Amino acid sequence: MKIRKAVFTAAGLGTRLLPATKAQPKEMLPLVDKPIIQYVVEEAVASGIEQIIIVTGRGKRAIEDHFDVAFELEYYLNKKQDTEALREVRNISDLANTVTYIRQKEPMGIGHAILVTKEIVGDEPFAVLFPDDLIDASTPCLQQMINVYNKYKCSVLAVQQIEPSAVPRYGVIDPARIEERVYQVRDLVEKPRVEEAPSNLGIVGRYILTPEIFDCLEQTPPGKGGEIQITDGLRLLLKRQAIYGYEFEGTRYDTGNKLGFLKASVEMALKRPDLGEEFRQYLKSLDL
């Protein structure tokens with residue numbers, strides 16, 4: 001079955017980016033001139049996704065407004081004959097055929113955020129994307145994963161090699177390599193100590209999941225902090241069917257932390273044809 005739907009988990013409080021996120025969703029912080037979440041939505045749409053499902057929480061109304069039609073703004077830009085800006089604004093609201101929003105009333109973990117979309121997703125495989133995980137790749141990361149799913153017809157997790165010091169911040173897979181960049185997952189461990197990690201392949205913010213994950217998440221008890229962890233749900237799913245890890249091609253930026261956000265801002269600006277060369281010369285001029 002074609003992967004048509006993508007869930008975006010955007011209900012988090014963004015505490016790693018305070019105070020900027022006190023009154024503004026972290027997903028709406030701008031990288032150059034686009035909010036973070038727009039880059040990730042564009043990746044999903046470029047990968048053939050037809051329906052965007054965004055899980056929001058209190059204080060996230062700006063996300064809904066961003067992807068909505070802005071009649072007054074379009075009227076003003078049209079009157080000014082600012083065709084370029086008007087095209088940009090209309091492209092945002094035209095990104096996906098359908099955008100659906102659903103509230104996660106309490107921050108109860110990624111697993112719970114996915115679970116609240118059960119009725120919307122239905123009985124079909126779907127994608128999950130973390131809006132603060134930006135992956136810059138010539139072939140969209142999600143498209144790469146869909147290609148793997150089309151071959152194996154099982155859940156696929158995006159993984160990357162991580163430094164030992166970062167292992168306790170990730171879910172880590174126990175991999176059995178079956179082809180280049182593709183691994184069958186033998187087990188998953190959530191945030192292990194370095195000496196207990198089964199590999200250096202950490203799970204990052206892209207998943208393709210079969211609908212059986214919902215039953216598994218419903219059976220997953222809350223863990224630390226009362227949160228339902230996606231890794232725990234995946235371990236239950238692994239008892240029923242195979243799961244694969246895919247080491248994607250591309251550069252990942254964790255824009256949910258300050259250093260990752262800064263790196264993404266600089267590198268996205270350098271890639272821009274209208275800004276890149278002038279910005280590069282400016283950086284060279286700094287007495288660093």
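Which elements do the buried residues of α10 pack against? They pack against β2 (30-31), α1 (36-46), β7 (133-136), β13 (251-254) and α11 (276-285), where helices (H or I, at least four residues) and strands (E, at least two) are DSSP runs numbered from the N terminus. This is a predicted model, in which local features need pLDDT of at least 70 and side-chain atom pairs count only at pLDDT 80 or more, while totals for chains, interfaces and linings use all residues. Residues are numbered from 1 along each chain as its sequence is written, and side-chain values use heavy atoms, with hydrogens and water left out.

**Helix α10**

- Helix α10 comprises 14 residues (residues 258-271), which at 1.5 Å a residue should span 20 Å, and the 20 Å between its end C-alpha atoms agrees with this; the expected span is 1.5 Å times one less than the number of residues.
- The buried residues of α10 are G260, F261, A264, S265, M268 and A269, with buried meaning under 20% relative accessible area, exposed over 50%, and partly exposed in between (1.4 Å probe, protein chains only).
- These residues cover an arc of only 155° around the axis, which puts them on the same side of α10; the arc is that of the directions from the helix axis to the C-beta atoms.
- An α-helix has 3.6 residues a turn, so residues three or four places apart point the same way.
- On the face of α10 turned away from its buried side are the exposed residues L259 and L262.
- At the start of α10, the backbone nitrogen of L259 has a side-chain oxygen of N257 within 3.1 Å; a polar contact is a pair of N or O atoms within 3.5 Å, where, within protein, one must be able to donate a hydrogen and the other to accept it, and residues adjacent in sequence count only if both atoms are side-chain atoms.

- T255 lies in the loop between β13 and α10, and its relative accessibility of 0% makes it count as buried.
- The side chain of T255 reaches the backbone oxygen of D132 at 2.8 Å.
- Apart from neighbours within four places in sequence, T255 is in contact (heavy atoms within 4.5 Å) with L17, L31, I36, D132, L134, G260, F261 and A264.

**I213 in helix α8**

- I213 belongs to helix α8 (residues 213-218) and, at 0% relative accessibility, counts as buried.
- Not counting residues up to four places away in sequence, I213 touches F126, I230, G233, L234 and L237.
- Between I213 and A46 there are 167 residues in sequence and 25 Å in space, C-alpha to C-alpha.

**Aromatic rings**

- A search of the whole structure finds four aromatic pairs, where rings of Phe, Tyr and Trp (its six-membered ring) pair if their centres lie within 6.5 Å, and planes under 30 degrees apart count as stacked, over 60 as edge-to-face and the rest as tilted.
- One of these pairs is Y152 with Y244, whose ring centres are 4.5 Å apart and whose planes are at 25°, so the pair is stacked.
- The pair links distant parts of the chain, since Y152 is in helix α7 (residues 141-152) and Y244 is in strand β12 (residues 243-247), 92 residues apart.
- Y152 is partly exposed, with a relative accessible area of 22%, whereas Y244 counts as buried at 10% relative accessibility.
- F279 and Y282 also form a stacked pair, because their ring centres are 6.3 Å apart and their planes are at 15°.
- Both F279 and Y282 lie in helix α11, three residues apart, about one turn of the helix; F279 is partly exposed at a relative accessible area of 24%, and Y282 counts as partly exposed at 46%.
- The charged end of K34 sits over the ring of Y39, 4.4 Å from its centre, a description that requires NZ of Lys or CZ of Arg within 6 Å of the ring centre and within 35 degrees of the ring normal.

**Backbone features in loops**

- L18 and P19 are joined by a cis peptide bond with omega of about 5°, and P19 is found in the loop between β1 (5-9) and β2.
- K153, although not a glycine, has a positive phi of about 60°; K153 is in the loop between α7 and β8 (155-161) and counts as partly exposed at 47% relative accessibility.
- K191 is likewise not a glycine and has a positive phi of about 50°; K191 is placed in the loop between β10 (182-190) and β11 (201-209) and is partly exposed, with a relative accessible area of 49%.
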